Amino acid sequence: MTQGPPSGKDTSAGRRTPARRPTMKDIAQRAGVSESAVSFALNDRPGVSEVTRDRVRRVAEQLGWRPSTAARALSGEGSATVGLVVARPAATLGVDSFFLQLISGIQEVLAERQLGLLFQVVEDVRAECAVYRRWWAEHRVDGVLVVDPRTDDPRPELLDELGLPGVVIGGLPDTHPNLSQVRADDTGAMAAVVGRLYALGHRRIVHIAGLESLAHTDRRIRSLRAEADRRGLTGVRSVTTDYSDTEGAAVTRRMLTGDTPPTALVYDNDVMAAAGAAVATGLGFSVPHDVSIVSWEDSVLCRMVHPWLTALSRDTVAFGRLAARELTALLDGGAARSVPMPLPRLIERESTAPPPLSGA
């Protein structure tokens, strides 16, 4: 019987040679057919009988043969890979638990489909668009997952121009017929936070937001203003940052040392909330008796600081799973659609309470 490809052997120096990947020639020899018959069978093309096709596929499985992604791309059959580009400073990503959980959920679904994930971090959206153009030209990916939708976003038009399937995670300001969207209800979440703080008696609320250019930042700011106007609150505002603990701490210090400090602070991520709690304590403020703190993202960090932080909780891993499933549906020929995520749940812990009487 013809043997399969060698798995590596010892050299005179005691090292092992790398295992040789099985080829179509190996399959043809083992199955007793021509290489062209193997190609027809594995690429599901006419020209061989079903009996031969089944025999070739069984041999390919026994030898551990897998199609070359480069060959698949050149033949127009796809790369078996999807892309994810994050346009944020790498330093801020390293402490953000959201993306780690999101990617975990994405990877679960891609692994089920035996799809690879090509991940890259760039400085800005312009560089991100350049990556998409390069990936498309090189047949590197079959589709992309788009994060951090912008208020003025060039990426949907570019992906449409390239004919590259995509899923936007978070939701764009407008619908796009060729892109699926997994939408987060930032408006409803902010309304719930403000409503709870108002019920506790807070009238001076500062929202320490993320990047100004992001669509979800804009939605949260608009929702805060709408809720403040509806309740006649004048001591309510948003301040944008880069999401880092450094800027979160600096803005907290500036707000709490002003003439009329807020009685409640809402942070757009857990890292800034933890940094803000430390600054407040260092300035002599009691959390929550002098100032209440709410984190937009819940994480282990919210339960590692003292006091434990009240936070909006959502299943970010499920967010990633849903986005990946929507992308695989597009790759399977499905229509683009918009899918909502459930409203995050506010988990009240030790960092929120009624304000001091002088701040009500």
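**Helices, loops and rings**

Q: Which residue follows H2, and what's its phi like?

A: Asp44 comes after H2, and its phi is positive, near 55°. Helices (H or I, at least four residues) and strands (E, at least two) are DSSP runs, numbered from the N terminus. The model is predicted: local features need pLDDT of at least 70, side-chain atom pairs count only at pLDDT 80 or more, and totals for chains, interfaces and linings use all residues. Residues are numbered from 1 along each chain as its sequence is written, and side-chain values use heavy atoms, with hydrogens and water left out.

Q: OK, so which residues of H2 are buried?

A: In helix H2, residues 35-42, the buried ones are Ala37, Val38, Ser39 and Ala41. Buried means under 20% relative accessible area, exposed over 50%, and partly exposed in between (1.4 Å probe, protein chains only).

Q: And what do those buried residues pack against?

A: Two helices: H1 (24-31) and H3 (50-63). Contact means heavy atoms within 4.5 Å.

Q: Back to phi. What is the phi of Gln114, and where is Gln114 found?

A: Gln114 has a positive phi of about 55°, although it is not a glycine. Gln114 sits in the loop that runs between H6 and strand E2 (116-122).

Q: Is Gln114 buried or exposed?

A: Gln114 is exposed, because its relative accessible area is 64%.

Q: What about Asp148, what's the phi there?

A: Asp148 is not a glycine either, and its phi is positive at about 55°. The loop that holds Asp148 lies between strand E3 (143-146) and helix H8 (155-162).

Q: Buried or exposed, for Asp148?

A: Asp148 has a relative accessible area of 6%, so it counts as buried.

Q: Changing topic: which peptide bond at Pro288 is cis, and what is its omega?

A: The bond from Val287 to Pro288 is cis, with omega near 15°. Pro288 belongs to the loop between helix H12 (270-282) and strand E9 (292-295).

Q: And the peptide bond from His306 to Pro307, cis or trans?

A: The bond from His306 to Pro307 is cis, and its omega is near -5°. Pro307 is in the loop that joins E9 and strand E10 (310-313).

Q: Now the rings. How many aromatic pairs are there?

A: The count comes to three aromatic pairs. Rings of Phe, Tyr and Trp (its six-membered ring) pair if their centres lie within 6.5 Å; planes under 30 degrees apart count as stacked, over 60 as edge-to-face and the rest as tilted.

Q: How do Phe98 and Phe319 pair?

A: Phe98 and Phe319 are edge-to-face, at 6.4 Å centre to centre with 80° between the planes. Phe98 lies in helix H6 (residues 97-112) and Phe319 in helix H13 (residues 316-331), so the pair ties together parts that are 221 residues apart in sequence.

Q: Are Phe98 and Phe319 buried or exposed?

A: Phe98 is buried, and Phe319 is buried as well.

Q: Which residues form the aromatic cluster?

A: One cluster is formed by Phe98, Phe99 and Phe319.

Q: Last one: where is Arg219, and what does Arg219 touch?

A: Arg219 is in helix H10 (residues 215-231). Leaving out residues up to four places away in sequence, Arg219 touches Gly170, Gly171, Leu172, Ala184, Asp186 and Thr187.

Q: Why does Arg219 count as buried?

A: Because the relative accessibility of Arg219 is 16%.
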